[in-house]
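Try each one before reading its solution.

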Amino acid sequence: MRVREVHSVNLGKEEKQVIKFLFGLLKMDGCVDLTLTSISSKRKTQHVYRRISVKINDGSGYVPINSRIIAKTSVEFIIGDRVSADFLLTFSYYYRGEKSKKIRLADDVYVLTLRNNKGTICLELTPWHGLFRITPKAVLRMLLWEAGLLK
């Protein structure tokens, strides 16, 4: 189910901001952290692992990002005439049950659009599907923090 809620952030006109942001996405890809969330089957809160996966839409679908793709996208935004780029952010959750069995929870998926609006770079984050254990504002804050754009 697609949720119709969009959160936007303006990165400004500095080219350095775009590069920092894109490489911040690369830095986040594959990261795992520990978070506290409710487990419906247990009716209690529990620490779970959260893994972040970042993919980019290359025109034929979403593919995993790497340094080459991020560098190419940066150049296209700054020097070329690229107007937008779509990223798929997936937050996968799991915890260890009895006998260390890995128990998966529903993923949270967001679509992040980077848009060049007459020289000003804007981020738009749209919740796509999931239970949204992490709010869109928290996702944007996390992205900006990892890119070094938030103090």
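**Exercise 1.** Is the crossing of helix 1 and helix 2 right-handed or left-handed?

*Solution.* This is a predicted model, so let us take the pair step by step.
- Start with the geometry: helix 1 covers residues 15-28 and helix 2 covers residues 67-78, and they pack at an angle of about 160 degrees with axes 10 Å apart.
- Angles over 145 degrees count as roughly antiparallel, and therefore helix 1 and helix 2 are roughly antiparallel to each other.
- The crossing of the two helices is right-handed.
- On the side of helix 1, the contact involves Glu15, Val18, Ile19, Leu22, Phe23 and Leu26; helix 2 brings Ser67, Ile70, Ala71, Thr73, Ser74, Phe77 and Ile78.

**Exercise 2.** Is Ser74 buried or exposed?

*Solution.* First locate Ser74: it belongs to helix 2. Its relative accessible area is 5%, and the cut-off for buried is under 20%, so Ser74 is buried. Next, look for its partners: setting aside neighbours within four places in sequence, Ser74 is in contact with Ile19, Leu22 and Phe23.

**Exercise 3.** In which sense do strand 7 and strand 8 pair, and over how many bridges?

*Solution.* Strand 7 (residues 108-117) pairs with strand 8 in the antiparallel sense, over nine bridges. Finally, consider strand 8 (residues 120-129): seven of its ten residues are buried, so the strand is largely enclosed by the rest of the structure.

Note on methods
Residues numbered from 1 in each chain as written. Predicted model: local features only at pLDDT ≥ 70, side-chain atom pairs only at ≥ 80, totals over all residues. Heavy atoms only, no water. Axes fitted to C-alpha atoms, helices over the stretch in contact; angles between N-to-C directions. Helix = DSSP H or I, 4+ residues; strand = E, 2+ residues; numbered from the N terminus. Parallel < 35°, antiparallel > 145°, perpendicular 65-115°, else oblique. Left-handed = near helix turned anticlockwise from the far one by under 90°. Contact = heavy atoms within 4.5 Å. Buried < 20%, exposed > 50% of the residue type's maximum accessible area, 1.4 Å probe, protein only. Pairing = 2+ DSSP bridges.
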